[in-house]
Structures are given as C-alpha cells and as structure tokens.
Amino acid sequence: MISAFREYFNRTYTAERYQTLLNWLEEQCGVKVEFRVAETPIFVPLKLLNRMAEEGAAITTALMRRQEYVEAALEAIPPGYRVAGEIGHPNFLTADFALVHEPDGTLAPRLVEIQAFPSVYGYQSVLVAGYREAYRLDPELGTYLSGLTERGYWDLMCRTVLGTQDPENVVLTEVDPVHQKTRPDFEITARRLGIAVVDIASLEPVGDKLHYRNRSGRLTPVHRIYNRAIVDELIARNIRLPFDLTRPWDVEWAGHPNWYFLISKFSLPWLSRPTATHPVVPPAVFLDDFLAGSGRDQLRSAGVAVAEPAGPDTVYPNLLLKPLFSFAGKGIQFDPAQAELEAIPARERRGYLLQQRMSFVPTIDTPHGPTQAEIRILYLWPDRGTLTPALSLVRLGRGKMMGVDHNKNQEWVGASAAFFPR
C-alpha cells in the first residue's frame, strides 16, 4: 500500500531469501510450520492500523456496556459450555478488517469479525522478526502498536497470560496440541513464558482443583489456564472432558472461555442495527430473523440489495451465511440459496447469520497479480490493566476466502505481517 516500499521489496526479492525465512521460522519455532507463510509482508500507514485498532476497541467497549446484549450472548452458549467463575474482561481480543473502496474511491476498513479469543500472539512476534532478518528490512519500519517494543510486547504478554501466578502452575490448554497447525505458536509461547502445553482432556480433577502431569510425571496443581481449546472442536470431536466446565473450579482463566461467545460473530447483527454507531460494521441479521422476521427489511434499509424469494432456487449473491461460533472460516457459505437457508432446522437458525458480502480491494502488487489483505489487530488486556492494541497479523489471498487454508497451491499468499514507517 506504500508504493515505494512495495516496489523496492518486489525488486529485491529472491527465492533464496524466502527460503531463509522459512528455515529461520522452523529453527525459532522448533517445529515445522504447517500453514503457508507468504513471501512478503505488507507496508501500510500507521494511521490505518491505528484506525482499525480504535474501531475494534470502541466496538468491544460498547458491547460490554450493553447489558441486554451480554445477557443474550450468554443465553446463546451451548449447553454444558457456559463456564463457571468470574468472567471479568476478555484478556485477549482479535478484530479482523477488510479493505474496501468508499464511494469517493478512498480505502477504508470494514469489520469482518471480532473475537475475544487468543490468536497466534507468540508466533506472530517471531514472524515479524523473521521478515526483518531474511529480507534485511529497514530498521526504521515498525510493527508493534501502542508504542510497544518487542520486549514491551512480551512483558505485556507475560502479565496477561501469567497474571500473578508462578509459571509452573500455568498451562496452555488445547485439544491434541501436538497435532494442531498452531503448534509453532504454542511452542514459542511455552518457551518464552516458561509454561507447559497440555491437552485439555488430560487435566485431572482432585477436589476443587485441576492438575496436570509435568515432564517428570508429577501431579502439579493448575492455578491459571491460558485456554486455546475451541468449543466447536470439542463438540465436533465429541470430546468428553474429565471435569465439568460448568463447575466452579479453584482456577483462574487467562481469557475466560465465556468471552469466546460474548465477543464474537453473535455481536454483528447487534452492532449493525439502525441505532448502532459503528459504520465499519457491515449489515448483518440472524438467519431466523431473515426467514421469518424483519431481517430482510433491515438489510434493505441498510442499503443491501436483497431479492424477494421466488422459490427455492432464489440466490442471494450479496450475502454470506456464517455459523456463529465456528473458527477459521469453517462453514461460511457464499451465494446462499433460499432452499439451503430453509434446510437448516428452525431450532438451529439462531446459530447462523447472514452478512453483507464485502468486496476486498486487491491492494498488494505481487509478481502473481494484485492480492488482497485481511488485517487482524491483536489486543492484550491483562488483569487490572487496560485494553491495548499490541500487534497486527495479516492474511494475504486471491480467493474468495482469506484464511491460509483457502489459498493453497498459490504463491505470495498466506500468513503475513504488517510494517509501517515510524
């Protein structure tokens, strides 16, 4: 997006430097990176990143203050997954933005989704260092937000994950973490913070406390959990945990699991209603409201062209169908047809939304043609701290979807990072 940096990078790029990046990442992570890493970072004005960061923070603050919304979101949590204990505030927040053209031709951000759940905070810090190392980038280019340095970022990460607990009693939990694509992030985080990575299904309840087996096999009490296990994966794999999530265990959560539902795609229809004051949020409605309520009219009043249903073959090319609590783009459907919408059982329709489909602007010039960028702002919010935009994460793609799983067998796409002139 900053042409001088883009042109210089493309001119000096070599396949050897890209391989140096991949080798460096594997060495730093200690395991192979299984998802695709983009050949290039992007170069953007800090002003644009700051605007995204401010919008995401404002949206989150507004949702947390709206008691009617919080109560509705709590009711939407699947039975058996409403975790006991004080929820406080979300320790982690991610806000994904597309870049679209305003009517006057200028670029502007639009919210794709917002989620109070951890992302690859550890890996992303290593990736930006890898781009610097492999391509010898200008040292005056910045990456961390809110005036943070790399050291300040990891200090904030430490405060957020550990709280006041000893690292020996803090665990990062995931479903079968050894076989997750995000394992490089787990390994980096565990090494930097001195915590253990454990399968959430291996935690052992004793009395009102949870425990894990350390490297020597000793049963060790867990005082704080940095949770990376996603509920829809627990449900999809039919995993039965050895402890009841709804029971009030004597444990702290670094990112209480209920926030995964409270700040999520569930918020999009609430944020895009006429009374909302968030123009970066594309119009969205719940599926049941669209089929049997005022949702269709709400979308039209927001300027979305929506056809009248003329039978089961009616297609809605301006809409996306999204399951509320899926992750990594799972279940998203383009150009949904009336028959496909009606095929979803009535009792399940509240678990889906229809959102205006956005036209990502290809803003990155590459040897393989213009490429789109989705920019994620990573926030940290330690206990007794403040919500802080800390770093950005970028996904490059030329397909319908931006996730790294949706741009396979292509070059100059995948996981990336943003740099800005200080």
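Q: What makes the largest space a cavity, and what is its volume?
A: The largest cavity has a volume of about 110 Å³. On a 1 Å grid over the protein atoms alone, a cavity is a set of points where a 1.4 Å probe fits but cannot get out. Grid points are joined across faces, edges and corners, and the volume is the space filled by probe spheres set on the points. This is a predicted model, where local features need pLDDT of at least 70 and side-chain atom pairs pLDDT 80 or more, while totals for chains, interfaces and linings use all residues. Residues are numbered from 1 along each chain as its sequence is written, and side-chain values use heavy atoms, leaving out hydrogens and water.

Q: How do you know which residues line the largest cavity?
A: A lining residue has an atom within 4 Å of a point. Among those lining the largest cavity are Tyr81, Phe117, Asn227 and Trp253.

Q: What makes residues of this lining nonpolar, polar or charged?
A: Ala, Val, Leu, Ile, Met, Phe, Trp, Tyr, Cys and Pro count as nonpolar, Asp, Glu, Lys and Arg as charged, and the others, Gly among them, as polar. The lining of the largest cavity therefore has eleven nonpolar, one polar and no charged residues.

Q: How is the lining of the second largest cavity divided by class?
A: That lining has five nonpolar, three polar and no charged residues. Gly255 is one of the lining residues, and Gly counts as polar. The second largest cavity holds about 40 Å³ of space.

Conventions: On a 1 Å grid over the protein atoms alone, a cavity is a set of points where a 1.4 Å probe fits but cannot get out, and a pocket is an open set with protein on both sides within 12 Å along at least five of seven lines; lining residues have an atom within 4 Å of a point.
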